[in-house]
Amino acid sequence: MDPYAEPGTEPFRRTLDQLTASGRLTTVTFHPSYGYEDFVEGFRPVKDEPDRGGLVLDLVDGVFKQVCQRAAVDPGHPHLVIVDELNRGNLPKIFGELITLLEKDKRGHKVLLPLSQEQFSVPENLYLVGTMNTADRSIRMLDAAVRRRFAFLEQLPDSGPLQGCHVEQLHLADLLDGLNQRVRTHLDREKQIGQAFLLPNGAPVDSVSGLAAIVRDEILPLLQEYAFDDYSLLASFLGEALVDLEAHTMKELSDEGLVKALYTEFQVKDGAAE
């Protein structure tokens, strides 16, 4: 394994696969239907057995409980649970007793699980990391008791990986920074555009056709959703060279014309032309 491999590279993916196969890395995704029985324990339908007849429900350990059991018998190594889309789940319902056990000073402390009647604890070598996109649902909507049990690290858009990268004359870093400055001005900081849009397969987009496709098929639909079909607001993001205010549509531009319009809007008009 390469613990310092760059994200998006083959060594990075290989390291994740090895950690997952070893049982030391577990990744789940929360959603509105995800519940306590999925994460901790609950009754689940199991394969019918002829001698039992009908629908059979058994008490089954959830994902987090299984990881805790593995970590408890492997104290010499850290075990990590990554929860993607943390804020899309009903966290008080999903966590249950974990609201208490996730506190730093409660690691190793035992509580009685109501269904299995087992004494349960969270080992000190288990770490829980949650990720969320605040543009989808504000962090302010998280339960206060849950928030107190996590440290928060904000990851804002970063144009650094795009510095010095051009498509024709257009500097990608200027495009991202200029667009996000407008999004912050007219909306809020949580709806900014991430640099990953302009980094397909981990590398900066380097062709006119590639950039035009990203703008048309990925960035533009997101901005249209933000604008709620308010094309004057959409024009404040992208400029009237791309938005037809009278027809309430995007102007029909060739790939080359679209990139040239972006260059004019975000470098010439913003005074960033080189």
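This report describes selected helices and loop residues of the structure above.

The model is predicted: local features require pLDDT of at least 70 and side-chain atom pairs count only at pLDDT 80 or more, while totals for chains, interfaces and linings use all residues. Residues are numbered from 1 along each chain as its sequence is written, and side-chain values use heavy atoms, with hydrogens and water left out.

**Helix dimensions**

Helices (H or I, at least four residues) and strands (E, at least two) are DSSP runs, numbered from the N terminus. The expected span of a helix is 1.5 Å times one less than its number of residues.

| Helix | Residues | End-to-end C-alpha distance | Expected span |
|---|---|---|---|
| H7 (172-186) | 15 residues | 21 Å | 21 Å |

Gly23 follows H1 and has a positive phi, near 85 degrees.

**Helices H7, H8 and H10**

Buried residues (under 20% relative accessible area, with exposed meaning over 50% and partly exposed in between; 1.4 Å probe, protein chains only) in H7 include Leu172, Ala173, Leu175, Leu176 and Val183, as well as Asp174 and Arg182. The buried residues of H7 pack against strand S8 (166-167), strand S9 (170-171), H8, helix H9 (231-238) and H10.

The axes of H8 (residues 208-227) and H10 (residues 255-268) come within 9 Å and cross at roughly 75 degrees; axes are lines fitted to C-alpha atoms, for helices over the stretch in contact, and angles run from 0 to 180 degrees between N-to-C directions. H8 and H10 are therefore roughly perpendicular to each other, a class covering 65 to 115 degrees, with angles under 35 counted as roughly parallel, over 145 as roughly antiparallel and the rest as oblique. Contact means heavy atoms within 4.5 Å. In H8, Val208, Ser209, Leu211, Ala212, Val215 and Arg216 meet Asp255, Glu256, Leu258, Val259 and Leu262 of H10.

Gly62 lies in the loop between strand S3 (56-61) and helix H3 (63-72). Gly62 has a relative accessible area of 1% and is therefore buried. Beyond its neighbours within four places in sequence, Gly62 is in contact with Glu37, Asp38, Phe39, Val40 and Glu41.

Ser116 occupies the loop between strand S5 (111-112) and strand S6 (119-120). Apart from its neighbours within four places in sequence, Ser116 is in contact with Glu41, Leu59 and Lys65. With Glu41, the side chain of Ser116 makes a side-chain polar contact of 2.9 Å; such a contact is a pair of N or O atoms within 3.5 Å, where within protein one must be able to donate a hydrogen and the other to accept it, and residues adjacent in sequence count only if both atoms are side-chain atoms.
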